[in-house]
Amino acid sequence: MVEESIKQLIQSLNVFYLLAGAVMILSMHAGFAFLEAGTVRKKNQVNALVKIIVDVAVATLAYFFIGYPLAHKIGFIKPAAELVSDQGFELVRFFFLLMFAACISAIVSGGVAERMKFRPYITAGFFLAGIIYPIFEALIWGERWSPAFQGWIEKMFGAPIHDFAGSMVVHGLGGWIALPAVIILGPRMGRYIKDQSKPIPISNIPYLALGSWILIIGWFGFNVMSSQSIESISGLVAVNSLMATAGGLIGGVLIGKNDPGFIHNGALAGLVAICAGSDIVNPISAFFIGFVAAWIFVKAFIWEQEKLKIDDVLGVWPLHGINGVWGGIAAGIFGQEALGGLGGVSIISQFVGVLLTIIYAVIAGFVLYKVLDVIFGLRLSEEEEFNGSDLSIHKVDAYPEDSLKV
Amino acid sequence: MVEESIKQLIQSLNVFYLLAGAVMILSMHAGFAFLEAGTVRKKNQVNALVKIIVDVAVATLAYFFIGYPLAHKIGFIKPAAELVSDQGFELVRFFFLLMFAACISAIVSGGVAERMKFRPYITAGFFLAGIIYPIFEALIWGERWSPAFQGWIEKMFGAPIHDFAGSMVVHGLGGWIALPAVIILGPRMGRYIKDQSKPIPISNIPYLALGSWILIIGWFGFNVMSSQSIESISGLVAVNSLMATAGGLIGGVLIGKNDPGFIHNGALAGLVAICAGSDIVNPISAFFIGFVAAWIFVKAFIWEQEKLKIDDVLGVWPLHGINGVWGGIAAGIFGQEALGGLGGVSIISQFVGVLLTIIYAVIAGFVLYKVLDVIFGLRLSEEEEFNGSDLSIHKVDAYPEDSLKV
Amino acid sequence: MVEESIKQLIQSLNVFYLLAGAVMILSMHAGFAFLEAGTVRKKNQVNALVKIIVDVAVATLAYFFIGYPLAHKIGFIKPAAELVSDQGFELVRFFFLLMFAACISAIVSGGVAERMKFRPYITAGFFLAGIIYPIFEALIWGERWSPAFQGWIEKMFGAPIHDFAGSMVVHGLGGWIALPAVIILGPRMGRYIKDQSKPIPISNIPYLALGSWILIIGWFGFNVMSSQSIESISGLVAVNSLMATAGGLIGGVLIGKNDPGFIHNGALAGLVAICAGSDIVNPISAFFIGFVAAWIFVKAFIWEQEKLKIDDVLGVWPLHGINGVWGGIAAGIFGQEALGGLGGVSIISQFVGVLLTIIYAVIAGFVLYKVLDVIFGLRLSEEEEFNGSDLSIHKVDAYPEDSLKV
């Protein structure tokens, strides 16, 4: 009887614990919204805010009806009485994992900002959370294919693909899906003139900083609660997340030369990179992983924007894509016992994971946005883009009272 | 001895759990503050921020000394040693329920914005949290009258009035109290000229969005922790809240035609409506309830402002009042087992609850604001209103550095 | 076996509990950032935001490698396997206590704003979190000297120095370190002309309010989780924090004459003052302590800025320093059983604590900033200060798009 009551209590606690994580990641979407609102021009701030919050709603529908059943073989079209038999733990698990799924579109959003039509953007969000993400999730984490696939990987290379909180599954996937989307869409008007790069000034660094802070705070739910049960909570995950944030910040200061954009995004780069190995690497390695992530972000951002001439507005490909890859590989290196890690990882498996992420994401992203381009056209008209997506799509700009006065 | 230590642990956990809820709802007041600051004109932003935060303080006093003892028959004018005998659980319960009480004035605030004097506003807040709300709370939830009254309702109509997290008790009450307050106060200068509606542009959509996000995140504490003990936590409540948010957002997009105000408030409308039945309805019903709530909000807002010519600045009557009613009724419908709910509700009881809410709120609100009008006068002078409540009341505006330059 | 599994569960819960506190205090740093960004001029907003977030990173390094081992005799340069033997509880305790350490520099930041060089500022942050704070912490709280020192204090004066959540150890220390820093640095250009005070208008009250709200919310983690174990959680701490906030707000309204700066800072003053005694005083005393704290803040701020002509931009000496002292003494008074407190405090011990705080902080702060002044020079050049630290240090201002247009 005592054992029964302990079991009951742990059930309740797991609902509470995972829910805390889910709500923290939900709050990260506010972070995505303000990070983008601060980075785009004033005339596109409303659109940035609306895209992200509506994404959450669309992803909820897509993942509830399609994505979660697809990846985890459990659906929720049942009477409430059945849904509460486990105190709603499975529902909360859906909520928690949905919040990851919804990140994919939020990541893409930053890349395609300031020039994309609303309807195809939202439609893409539905397919990302309903199908494209869940298929990949099912392979690495989900109940559907993961046991067989990861079992096979383990047999081949000595350990399954290790991606504790989604450097590859979430950030890598999102960042590498964004790449074809951004390329198909093309650069904003005036961004590159006669092959010359003409950087477009951002609107609001306090919003950018607010977004970054909200993301940093929520990320502790993203990483820590990825253990999915209170009994497997690990303080190491939390402190590694902190150390990677610190490394990313210091990297942002030193390599980004005090630039506030590089500093605030440096923290995020560190957090992207630590996701995969946060449960197994040493805190000192975590600091190093974060520092390198900021270095990668700064260098790759400049290379992307100036050399490759890809107009990825928030730099989501370097931030989430390339650093997702770095995170996947870093888990394989610094997770080794010889380097102070907990072991149980294989560098080859990590490379397979990284390759799989890139290939799957680029193909899926290319097909998705190409098809949507054919059906809807992805891009605002020149006039609409010039007037800003706020006025064009939402019939209002971010500061109506001020606009009236001018 | 083991049983004793489990009991002790559960006590600690309940303090932690309910406190998490209390702090989350406290944060919602920051959401109210920014939602209002973004929706009013720049010259009234400071007043919006100050009203809400001072409300919290005034409500704390009123509910500590009067409201909580009135509704729950327990007071706290005791030595600390007695207050910690239960690890302070009763104190935390006070904190949690106080946060609901403080919402009433925060709701009214949005309706009476930009033209009301500070002193009567704050005085009203004291009576709302100290007397008017607690009396109603005592009837539906509290220890004082609820057992007798709800017992009688149950005997009459088959089930007590079901209002899990306060669609009626909190939001309905607040919204229907705001209605007479707004009418007594009258429209802002220039809002209706010769019977023509002249909408006043809002100042800052990013603030509005920030406020909405803060409210959405905190609302998970509002709803989930309404179970008031960790052992009765229900994942269904959380996911229903999420589904109603999603429904409200989609409704805001479709019915509000991409308007950012309708979208961000649509989420809130969904959350208002799901409060009552979040513990018993099916997630699919929750989505529908949220969607309808957004539809109600958009339609009722336009009807109120354009046809009835009521200058309810944030639309708090449609948002909290009418949608609180919808939430109360929806719990009676979709809570039925036949519709996938958990049962134990009566539509007639819900109608009684709704009627009671409306009648009590309108009378209480009318009397309160009429009396305050006679004593203090509710309204700023024309000159004060023209200059803005920031300069008139707080002797400073929201951006002093900028004002100096002009 | 049941007892073992309960022990295990409590271990997990303690990690979760203390981590929740750590993340809440981490979020407070976003509050410091926005409070300062709103209070400085626009041309220094970026620098305010960057200083605080980079501080967190620098403090993390300093406290990980030096500070925590110094105060608590435990280091973390170990393989991960050893670090997770307690589920990472010690790591999370490091994270939690680090967040206090990082506050010192964040407090100083508000005083030295708008005119200090970045490199000496950051270097100071390293020494504050790595050495100066830990030495004091070791005396009052830490494993290194506290048992002997506090034992001696108890033998001498009847009770150890009581400082539950750091009115003295954190806020007092920070505020009294800021005082010599601000004096050495001297006032901003144009702040005092020919001995006349010329107040410099602040830029953004909504940012100030946002910062204040974030601090208030996070403070519940600061205070409540200072119990450091779930089993010793106390609802009294939470409600006392709330009551002190309420007292500070009411004080801000009445003594600060509706000024939004005094109101929002009044809440913080109340929270600073309640830290020390939040676990032992009566809620009614807590309200009074908060009210007096706001009174002290308003009066001392005006005295400091107008009479003493100290250009402490955010008023961190009155806010954290003087109110930290008030908090330490108030715990000694209102903690007495005769005044409804839980007892176990000595007024003389509290005075000793307060004196120690002031002496240690002033000397340490004076030496630190003098040495840094000699090595680096603390102050921006006149031209740099005139152009603003954003352009001078970060090569960008807070609103690049707007600046371009002008």
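Analyst: A salt bridge, as the term is used here, is a side-chain nitrogen of Lys or Arg within 4 Å of a carboxyl oxygen of Asp or Glu. The model to which this is applied is a predicted one, and by that rule the count between chain B and chain C is one salt bridge.

User: What makes Asp402(B) and Lys42(C) a salt bridge?

Analyst: The side chains of Asp402(B) and Lys42(C) come to 3.4 Å, taken from N to O. The rule asks for a Lys or Arg nitrogen within 4 Å of an Asp or Glu carboxyl oxygen, and therefore the pair of Asp402(B) and Lys42(C) at 3.4 Å is called a salt bridge.

User: Which residues form the salt bridge between chain C and chain A, and how many are counted there?

Analyst: One salt bridge is counted between chain C and chain A. Its partners are Asp402(C) and Lys42(A), whose closest N and O atoms are 3.4 Å apart, and because the limit is 4 Å, this pair also qualifies.

User: Which elements of chain C give two or more residues to the side that touches chain A?

Analyst: Among them are α1 (2-39), α2 (45-72), α4 (89-111) and α8 (205-224) of chain C. The largest share, 16 residues, comes from α1(C), and by class the residues of that side of chain C divide into 44 nonpolar, nine polar and four charged.

User: How many residue pairs are in polar contact across the interface of chain B and chain C?

Analyst: The rule finds ten residue pairs in polar contact across the interface of chain B and chain C, counting those with both residues at pLDDT 80 or more. On the side of chain B that touches chain C, α1(B) gives the most, with 16 residues, and this side has 44 nonpolar, nine polar and four charged residues.

User: How many residues are in contact between chain B and chain C, and what area is buried there?

Analyst: In chain B, 57 residues are in contact with 56 residues of chain C. The size of an interface is often given as the accessible area lost when the parts come together. Between chain B and chain C that area is about 4,500 Å², with carbon and sulfur atoms giving 82% of it. Phe16(B), Ile53(B) and Glu401(B) supply 15% of the area that chain B buries against chain C, more than any other three residues.

User: What area is buried between chain C and chain A?

Analyst: About 4,500 Å² is buried between chain C and chain A, and carbon and sulfur atoms give 83% of that area. In chain C, the residues that lose the most area to chain A are Phe16(C), Ile53(C) and Glu401(C), together 15% of what that side buries.

User: How do you know whether the copies meet through the same or different surfaces?

Analyst: Of the interface residues of chain C, only 12% are also interface residues in chain A, so the copies meet through different surfaces.

Key: Residues numbered from 1 in each chain as written. Chains lettered and ligands numbered in written order. Predicted model: local features only at pLDDT ≥ 70, side-chain atom pairs only at ≥ 80, totals over all residues. Heavy atoms only, no water. Contact = heavy atoms within 4.5 Å. Buried area = accessible area lost by both parts, 1.4 Å probe. Polar contact = N/O pair within 3.5 Å; in protein donor to acceptor, adjacent residues only side chain to side chain. Helix = DSSP H or I, 4+ residues; strand = E, 2+ residues; numbered from the N terminus. Nonpolar A, V, L, I, M, F, W, Y, C, P; charged D, E, K, R; others polar.
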